2 protein chains.
Amino acid sequence: MRLFKSSEYAIRCLVFMAISECDLCPVQQLATELNIPFKFLGRLMGRLRAAGFVESVRGKHGGYRIAKPLEKIRLEAIIDTVEGLDTYDRCILGFDRCDEENPCPLHDFWKSPKAGIQEMMAQVTLADMVQAKGKKLS
Amino acid sequence: MRLFKSSEYAIRCLVFMAISECDLCPVQQLATELNIPFKFLGRLMGRLRAAGFVESVRGKHGGYRIAKPLEKIRLEAIIDTVEGLDTYDRCILGFDRCDEENPCPLHDFWKSPKAGIQEMMAQVTLADMVQAKGKKLS
DNA sequence: TCTATATTCTACCCGGAGGTAGACATTGCG
DNA sequence: CGCAATGTCTACCTCCGGGTAGAATATAGA
């Protein structure tokens with residue numbers, strides 16, 4: 001079980017920006033502080049911008065800032081934007097049509113753990129992550 | 001959250017063999033019945049054999065059969081053999097040292113879902129899967 | 001206006017999981 | 001023996017997530 005590297009990066013950047021004193025964070029700063037490849041992060045931030053999580057200011061002294069209230073940015077939404085949610089709502093054996101009528105051998109055993117993951121992702125917001133006791137970002 | 005294709009294949013094959021009337025299952029039969037690439041499955045079965053889950057008989061009328069009591073084959077062990085367990089016991093943000101002393105922003109939220117997955121994998125055995133109400137294998 | 005610092009866009013490379021092909025080894029059976 | 005059916009081994013191909021490089025564009029400030 002692991003997120004895509006891109007999702008990890010996105011979450012760490014959003015938490016960093018939420019905590020940061022600065023208003024605008026240039027990609028260079030995020031990349032350096034969080035130890036993320038600069039060019040790669042540039043593209044990722046563009047996608048977070050397109051999705052409405054952040055807004056950008058171009059040119060000198062530009063950068064990114066969070067564009068919504070922290071409570072309105074759910075973990076689920078971040079992951080959905082970056083990598084999609086389909087892998088978190090599928091049969092653990094990969095079957096397209098695995099349901100109560102025609103379940104795979106792991107269907108019942110997988111139900112509860114899967115629900116746990118989904119519930120967590122649906123409830124936790126950026127505000128929760130910022131208020132959490134842990135702030136390790138690199 | 002998803003298993004490697006190889007893990008899905010391994011689980012489906014083991015359940016199929018456990019259910020099957022036949023003693024020996026040739027790879028060709030498994031590949032056809034379960035719709036798995038033949039050559040690919042050949043290699044995978046070799047690894048399941050090396051790990052002791054199945055044993056093989058070469059030559060005409062050969063094939064594979066399960067080599068241990070079904071109750072002694074845990075889901076955890078299958079997955080460990082095929083893809084390793086490290087991705088199921090790590091920080092969800094990918095940090096090497098993320099613990100109670102120095103937790104990441106998701107550490108506390110991730111604890112319970114992660115434990116749910118690990119517990120499920122550690123408890124479910126091949127016998128459980130065979131007895132489950134669901135037997136969808138393709 | 002010019003320059004430095006930004007974002008943004010496009011093209012390419014790398015490694016690993018999944019998949020394919022073919023040769024080789026082993027064995028039952030006519 | 002000789003053939004057919006099987007497992008076993010090695011080499012290669014494909015796709016995609018991750019990562020790199022460079023040019024184009026925008027803008028604050030001297």
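Me: What makes the approach of A:Arg43 to a base nitrogen of DNA strand D a polar contact?
Reply: In this predicted model, an N or O atom in the side chain of A:Arg43 is 3.0 Å from a base nitrogen of DNA strand D, and a polar contact is a pair of N or O atoms within 3.5 Å, so the pair qualifies. Local features here need pLDDT of at least 70, side-chain atom pairs count only at pLDDT 80 or more, and totals for chains, interfaces and linings use all residues. Side-chain values use heavy atoms, without hydrogens and water, while residues are numbered from 1 along each chain, and chains are lettered from A in the order in which they are written.

Me: How many residues surround DNA strand D, and which are the closest?
Reply: There are 26 of them, the closest being A:Lys5, A:Tyr9, A:Lys39, B:Val27 and B:Tyr64, where near means that a heavy atom of the residue lies within 4 Å of the strand.

Me: Why are α2(A) and α3(A) called oblique?
Reply: Their axes, which are lines fitted to C-alpha atoms over the stretch in contact, come within 9 Å and cross at roughly 120 degrees. Angles under 35 degrees count as roughly parallel, over 145 as roughly antiparallel, 65 to 115 as roughly perpendicular and the rest as oblique, and therefore α2(A) and α3(A) are oblique to each other.

Conventions
Polar contact = N/O pair within 3.5 Å; in protein donor to acceptor, adjacent residues only side chain to side chain. Axes fitted to C-alpha atoms, helices over the stretch in contact; angles between N-to-C directions. Helix = DSSP H or I, 4+ residues; strand = E, 2+ residues; numbered from the N terminus.
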